[in-house]
Amino acid sequence: MACGAAREGKSDTAALELLPSAPRKMNESKPGGSQNPTCVFCRKNDDCPIKYGEKKTNEKWNLTVHYYCLLMSSGIWQRGKEEEGVYGFLIEDIRKEVTRASKLKCCICKKTGASIGCVAPRCKRSYHFPCGLQRECIFQFTGNFAILRSPCCKNAWFHRDCLQVQAINAGVFFFRCTICNNSDIFQEEMLRMGIHIPEKDASWELEENAYQELLQHYEHCDVRRCRCKEGRDYNVPDSKWEIKRCQCCGSRGTHLACSSLQSWEQNWECLECRGILYNSGDFQKAKKHTLPNTNVGITDCLLEESSPKLPRQSPGAQRKDLLRQGSKFRRDISTLIIELGFQIKKKTKRLFINKANIWNSALDGFRNQNFNPSYTIEIAYVNENDHFGKEQPGSKQEFLSLLMQQLENSPLFEGSLSKNLSLNSQALKENLYYEAGKMLAISLVHGGPSPGFFSKTLFNCLVYGPESTQPILDDVSDFDVAQIIIRINTAATMTDLNSLINEYYNYLELIGCLRLITSLSDKYMLAKDILVYHVIKRVQAPFESFKQGLKTLGVLEKIQTYPEAFCNIFCHKPENLSTKILSDLFTVHTLSDVQALGFWNSYLQAVEDGKSTVTMEDILIFATGCSSIPPAGFKPTPSIECLHMDFPVGNKCNNCLALPITSTYKEFQENMDFAIKNTLRLEKEENSHFIGH
């Protein structure tokens, strides 16, 4: 890797040799006396701006350079203004760099003039820029080397030459992902991948209506047999004739009906991308892996024997499998949630929510035919008892936090802390398991809190499949069923075991777990069968429905691809809040009262030390409506301001906490405690009118 000139001190340049290949001879000529002068660095006379940058000639000094050859050279910096020399690189500096490079041989063509050195400190290789391109080196204009893959659209990849053409035409202000239109993250990644993004106006800014097609989404049905009578270009959003673009390339499309897609939320790849996607090792979908049996519950002997349907891997194979998976799929959860959030469009959808009936309000809103999960959600709180129909603006994150609390405590789940799906025939009839999965997916993508209440068994069923998941005794919430399993598992003699089978004969026959018992060790498989039936097979229909809902906005696929990251937010509650966490979370507005800020820090410490009736979670709820920090963080960032008033005020829509300015700390703490506790008590009473759903 080679480190070269940093233009205006803004970026590092680098070259990395990737694949060996036979060196090719370069066209050589001297810079003077030719109608097509050669570059003083690479000694090629090619004029190809896409590959080598613009070719510039200074007639006064009889000097010609390719811009990229100049930019990548390791011993030169831009010391002049933009209009001086060649893009700010002074002529005297260029001549000195040419002299320095004349003593260095290119490790590929073996000729002198190799001005680009490897960025690795111990590597002494030097290159000509064109030689590096021929050898498939990576020349970076900033940061470190990264693979050529879109950072914002899953499984999207691009030709390097196509991206470079787009970057030169679009410039820094318009260069963005052609699939999702993201610019910040996309540009950062493209720079790391060696794409030069010039700081200039886009070409279509200089020419009327030029490149207008770049600003339009692809809308054409490309499947072999289009069923739409109105034609392949017919597109009606929110209907079966809506055109869905390929999630990989974005340059092919299909009507939902033409590809038998049930909803626009389903992923779809065109034939070309599908062939690449499923034949490439780097882009294969995450395979289901058999988990090692680490979830042993009250008795290890429940798992002593493997079912013929669940072949057990050797310990070595398990470790290699998990290590391979971990190195490939380990990602930061906040980044993954933010990536999912790229799907959210600017178009807004307002949900009218009754705080006393969060569940049914959300259910009505999400089931509305005009609701689109990818639209930006706005919340308006309404009161059924208010005959004037007044609306109050609400906090989206507060609404999602309250909704997740309702979901956790709903009859759709069973268990105390770590929950599994329950079997509720009425909920199944009303399709509530699907709606629950959909709610959870929407909440995550739109900035809601961590679920935190899933059992490891339920999570593993979602990721690896029920057939590859072994439940534990702790998953059984029914006391009577748990006692049956324990009694069978601890039977000391064949007589005791047969007696238990006779006692529970009707139950075992009903659940399909009667088996021929020939030895005492058969008790383990019998207990295991009961466990699998009660935790997994019994709730198969709710599980499939819930899983379909969780596919909304591609959430389930993301979970299955990065299980380690998502396990932390699905199966574990967020860390306890502390003085440092809250102090770092809230930004302080300028010109705030210094004494009030000092009181604020002292108050946080007092709360953490238990010297207040308020908790850290109470403070966060008072200011934001959330009891924990969402995986993707707060939007907008929580802030603090100080106002001349007696009591604090929390603005949950803006995540702003206004602190009172008081003369003493005692008065400050008393006012904070009183306002926060009473506000939360009144809100709890208001929300408790509707219990259960």
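Student: How many residues apart are R100 and E97 in helix α3?

Tutor: They are 3 residues apart, so about one helical turn separates R100 from E97. Helix α3 covers residues 91–101. Keep in mind that this is a predicted model.

Student: What do R100 and E97 form, and how far apart are the closest N and O atoms?

Tutor: R100 and E97 form a salt bridge, with 2.6 Å between the closest N and O atoms.

Student: Is E97 buried or exposed?

Tutor: E97 is buried, at a relative accessible area of 1%. R100 is partly exposed, with a value of 32%.

Student: Which side chain meets E188 in a salt bridge?

Tutor: That of R192, with an N to O distance of 3.5 Å. Both residues sit in helix α6, which spans residues 184–192. They are 4 residues apart, which means about one helical turn lies between them.

Student: What is the relative accessible area of E188? And of R192?

Tutor: For E188 the figure is 48%, so E188 is classed as partly exposed. R192 has 25% and is partly exposed as well.

Student: Ok, what about K44, which side chain does it meet in a salt bridge?

Tutor: The side chain of D46, at 3.8 Å from N to O.

Student: Why does K44 count as buried?

Tutor: Because its relative accessibility is 7%, and buried means under 20%. D46 has a relative accessible area of 26% and is partly exposed.

Student: How many salt bridges does the count come to?

Tutor: The count comes to 20 salt bridges.

Student: Which residues are linked in a network of salt bridges?

Tutor: One such network links K355, E398, K652 and E683.

Student: Changing topic. Which residue does UniProt list for "active site"?

Tutor: UniProt lists C653 under that heading, in an unreviewed entry.

Student: Where is the place of C653?

Tutor: C653 is in the loop that runs between strands β16 and β17. Strand β16 is 649–651, and β17 is 656–660.

Student: What is the relative accessible area of C653?

Tutor: C653 has a relative accessible area of 36%, so the residue is partly exposed.

Student: And what does C653 touch, not counting residues up to four places away in sequence?

Tutor: With those neighbours set aside, C653 touches P393, G394, S395 and P636.

Methods: Residues are numbered from 1 along each chain as its sequence is written. This is a predicted model: local features need pLDDT of at least 70, side-chain atom pairs count only at pLDDT 80 or more; totals for chains, interfaces and linings use all residues. Side-chain values use heavy atoms; hydrogens and water are left out. UniProt positions are given in the numbering used here, feature names are shortened, and annotations may be inferred rather than shown by experiment. Helices (H or I, at least four residues) and strands (E, at least two) are DSSP runs, numbered from the N terminus. Buried means under 20% relative accessible area, exposed over 50%, partly exposed in between (1.4 Å probe, protein chains only). Contact means heavy atoms within 4.5 Å. A salt bridge is a side-chain nitrogen of Lys or Arg within 4 Å of a carboxyl oxygen of Asp or Glu.
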